[in-house]
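Dear colleague,

Please find the structure below, together with its sequence. My notes on it follow.

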Amino acid sequence: MLVRDGAEGPEVFLQRRAGAMDFAAGMTAFPGGRVDPVDAEVAIEWAGPAPRWWAQRYGVSEARAKALVCAAVRETFEECGVLLAGPTADTVVADTVGYRGERARIEGRDLTLSEFLAEQNLVLRADLLRPWARWITPTVERRRYDTHFFVAVLPEGQLADGATSETDLVQWSTPAAALATWKAGEHVLLPPTWSQLTALAAYSSTAEILTAEPRIDPIQPVFGEVDGKKLLQFPDNMRYFAELPDPSRLVGSKGMRDTDPSLLGGSRNSGGTADAR
C-alpha cells in the first residue's frame, strides 16, 4: 500500500486490475504480486530491519520473510514505477525514469530484483516498508493466495504510474473517498482491500501510519451461516455486506455484477501460492 500526504489527509495509490487477469479481474486493489523463492537465496544489499524481524512480525521463516520484502519492493517498482532503493543505506533514488528498460525486463521475468540492484549498485531500503496485515484466500476459492500487506510512503521526487499490463486504471485517493465510491458502485473491493482501506482511514497523516504497529494475525475468511444465509466470515464482515452496493450498480467487473455478492470467494478449490502487497 503506497501512501502520500494530500490536502485532505493521507492518500493511497489504487489500481484497477485488467479484465484479462486470472484472479480478481476488474477489481480495485493495491500494487502487488507473487513471491520469487530465489530472492530468499541470493545476497542483496539491505538497509533496515533484518529478515528475522520481518519473520517475527508475519509469523514466517526468515527465508520467507526476506522473499516477501523483496517481493514488495519488486512489485511496487514493476507495477507503478516506484523504487524503494537507493545508492546508499540512507538515500533513495529520486527519479526512476532512467530504469524504464530494467523495469520492463523485470516485469517480463528477464531480470531478477537482485540482479537489477547489483547492476545498478543499489541498496534495498527495507526500512521504508512497514508490515501491515496478512490475509489468506478462502479454501473455496479456485485460486488461493497467502497475501502479506505492507505499507510505504511515496519517496520524494518519485511518481507512481500505471505503466503495467496488469492494470487499466490508476488513481490516488483518500481511503474514505475510495470507500465512498465503492459504496456508490463505481468500483469493486474484495474484503481484504476493503479492510485495509478501512484501517488506513483512521489515520490523519502518513507519519501516523508509519508509526502504527498493527497486530498481524492471519485472517482466512470462511463460510458461515447468518440468518439462514451463507456469508463469508471475516472481521467486520457484516459491515462490509451492509455497505456492499447493489450488484447491478457495480461497473468495475462484469463478473461481479453477475455474481451473488455474498459469495466473494468462488466455488472450487485449488492449490495455493504466496503474494505480497
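In what follows, a helix axis is a line fitted to the C-alpha atoms over the stretch in contact, and the angle between two axes is taken between their N-to-C directions, on a scale from 0 to 180 degrees. Please keep in mind that this is a predicted model.

I begin with helix packing. Two packed helices are described by the angle between their axes and the distance between the axes. Here, helix 2 (residues 62-80) and helix 3 (residues 100-107) have axes that come within 9 Å and cross at roughly 115 degrees. Angles of 65 to 115 degrees count as roughly perpendicular, so helix 2 is described as roughly perpendicular to helix 3. The crossing of these two helices is left-handed.

Which residues of helix 2 and helix 3 meet? Helix 2 contributes Arg74, Phe77, Glu78, Glu79 and Cys80, while helix 3 contributes Arg103, Ile106 and Glu107. Sorted by class, the contact of helix 2 with helix 3 has five charged residues, three nonpolar and no polar ones.

Helix 3 also holds Glu102. Is Glu102 buried or exposed? Its relative accessible area is 18%, and buried means under 20%, so Glu102 counts as buried. Setting aside neighbours within four places in sequence, Glu102 is in contact with Leu111, Phe116 and Gln120. For one of these, Phe116, the separation along the chain is 14 residues, and the C-alpha atoms of Glu102 and Phe116 are 7.2 Å apart.

Strand 6 and strand 7 (residues 123-125) run antiparallel and are joined by two bridges. Within this arrangement, Ala85 stands opposite Leu124 in strand 7.

Another strand, strand 3 (residues 28-29), contains Ala29. With a relative accessible area of 9%, Ala29 is buried. Ala29 and Leu190 lie 161 residues apart in sequence, yet their C-alpha atoms are 8.2 Å apart in space.

Helix 6 (residues 191-200) deserves a separate note. How many of the 10 residues of helix 6 are buried? Eight of them are, so helix 6 is largely enclosed by the rest of the structure. The buried residues of helix 6 are Pro191, Thr193, Trp194, Ser195, Gln196, Leu197, Thr198 and Leu200.

Asn121, in the loop between helix 4 (113-119) and strand 7, has a phi near 55 degrees, a positive value in a residue other than glycine. Asn121 counts as exposed, at 61% relative accessibility. Asp236 is found in the loop between strand 12 (229-233) and helix 8 (237-243). The phi of Asp236 is near 65 degrees, again a positive value in a residue other than glycine. At 49% relative accessibility, Asp236 counts as partly exposed.

With kind regards

Terms used. Residues are numbered from 1 along each chain as its sequence is written. This is a predicted model: local features need pLDDT of at least 70, side-chain atom pairs count only at pLDDT 80 or more; totals for chains, interfaces and linings use all residues. Side-chain values use heavy atoms; hydrogens and water are left out. Helices (H or I, at least four residues) and strands (E, at least two) are DSSP runs, numbered from the N terminus. Angles under 35 degrees count as roughly parallel, over 145 as roughly antiparallel, 65 to 115 as roughly perpendicular and the rest as oblique. A crossing is left-handed if the near helix is turned anticlockwise from the far one by less than a right angle, and right-handed if clockwise. Contact means heavy atoms within 4.5 Å. Ala, Val, Leu, Ile, Met, Phe, Trp, Tyr, Cys and Pro count as nonpolar, Asp, Glu, Lys and Arg as charged, and the others, Gly among them, as polar. Two strands pair if DSSP finds at least two bridges between them. Buried means under 20% relative accessible area, exposed over 50%, partly exposed in between (1.4 Å probe, protein chains only).
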